[in-house]
Amino acid sequence: MKKIINDPATVVAESLRGLAVAHADLLRVRDDPALVVRADAPVPGKVAVISGGGSGHEPLHGGFVGPGMLDAAVPGAVFTSPTPDAVQGALAATTGPAGALLIVKNYTGDVLNFETAAELAAAEELDVRSVVIDDDVAVKDSTFTAGRRGVGGTVLLEKITGAAAARGDTLDAVEALARKVIGQVRSIGVALAAPTVPHVGEPSFDLGPDEIEFGIGIHGEPGRERIPAEPADALVARMVEAIVSDLPFAAGDKVLLFTNSMGGTPQLELYLAHGIAERLLAERGIVVERRLVGPYITSLEMQGISLTLLKLDDELTQLWDAPVRTPALRWGI
């Protein structure tokens, strides 16, 4: 295994130190437990928006801390849920009378630990709500979850709820908006090659030279099926069909299309796939009004892509367009 690391046991802490010095204008990193917090937190009168999960999915979540998005991110070890005390630390650092929203990806450890932290915060009379995102259409249950997995839709959810909190929405309104997004977003991913977790030192799974894992999870969990490698047109068509038929999306719908690299897919291939997806959606009469293309929720160096579709309305479009200033997303400021 060749990686640019020192010790697998310290890779997350050292990476967070690098994040802190690279973006000292936006965020602070705290140790033991590890937290990434807005530099100006707590923001008076504002609902705090907090998320987190295992490391290895960068820029999710620490790269989305800043004005217009997250107030704090709670990183666990690689592919490992953060502990309740770390989530409590994020709540203590960011939450005032306006309360906080916890955005939780649907993985068993994340759900349990964030729920425990929310219960402890309630005992301290903080108003804390949790929402669980489960946008992956690939499977109903998987290695890490009871129910569908939380994947690419998490990025869109964090942006939109962060914008709502920034404009001064109440906790009730931000929570309701989050549940609306969760109901209208769907994703699926594919893998061509596995990632290598630093402390494991070998690929998470084996794929033959002519195989693709269709419906892969962001931790390398199995998908719907293992299929023979096929040209991009056929593969992207398979992905679009899986998403569109699930909600379902229909002619006339306005959507945000998010084409994501799982970490090891070059821009050349990513934009090629995005162009095919746009064409296929146009053929169905589905209108792509907003787009995001890039490595925003990754699985270390996994070679593969995911597609996410969010059904838009005027309010969601306005909140997506609202100013944001984080290490990984910046516009309007």
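Helices here are DSSP runs of H or I with at least four residues, strands are DSSP runs of E with at least two, and both are numbered from the N terminus. What you see above is a predicted model, where local features need pLDDT of at least 70, side-chain atom pairs count only at pLDDT 80 or more, and totals for chains, interfaces and linings use all residues. Residues are numbered from 1 along each chain as its sequence is written, and side-chain values use heavy atoms, with hydrogens and water left out.

**The whole protein**
- Eight helices and 14 strands make up the secondary structure.
- For 333 residues, a compact globule would have a radius of gyration near 20 Å, so the protein's 19 Å agrees. (This radius is taken over C-alpha atoms, and the globule rule is 2.2 Å times the number of residues to the power 0.38.)
- The C-alpha trace spans about 55 × 50 × 35 Å along its principal axes.

**The six-stranded sheet**
- Six strands form an open sheet with mixed pairing, in the order β9-β8-β7-β12-β10-β11. (Two strands pair if DSSP finds at least two bridges between them.)
- At the edges sit β9 (225–228) and β11 (287–294), each pairing on one side only.
- β7 and strand β8 (residues 211–214) run antiparallel, joined by two bridges, and alanine 191 has glutamate 213 in β8 as its bridge partner.
- β8 and β9 also run antiparallel, with four bridges; here glutamate 211 stands opposite proline 228 in β9.
- Strand β10 (residues 254–261) pairs with β11 in the parallel sense over seven bridges, and phenylalanine 258 stands opposite leucine 292 in β11.

**Helices lying across strands**
- Helix α5 (residues 171–184) lies across β7 (185–193) and β12 (303–311), at about 55° to β7. (Axes are lines fitted to C-alpha atoms, for helices over the stretch in contact, and angles run from 0 to 180 degrees between N-to-C directions; contact means heavy atoms within 4.5 Å.)
- Helix α8 (residues 314–321) lies across β10, β11 and β12, running at about 30° to β11.

**A helix pair: α2 and α3**
- Helix α2 (residues 84–94) packs with helix α3 (residues 108–123) at about 50°, their axes 8 Å apart.
- That makes α2 and α3 oblique to each other. (Under 35 degrees counts as roughly parallel, over 145 as roughly antiparallel, 65 to 115 as roughly perpendicular, and the rest as oblique.)
- On the α2 side, Pro84, Val87, Gln88 and Leu91 meet Asn113, Phe114, Thr116, Ala117, Leu120 and Ala121 in α3.
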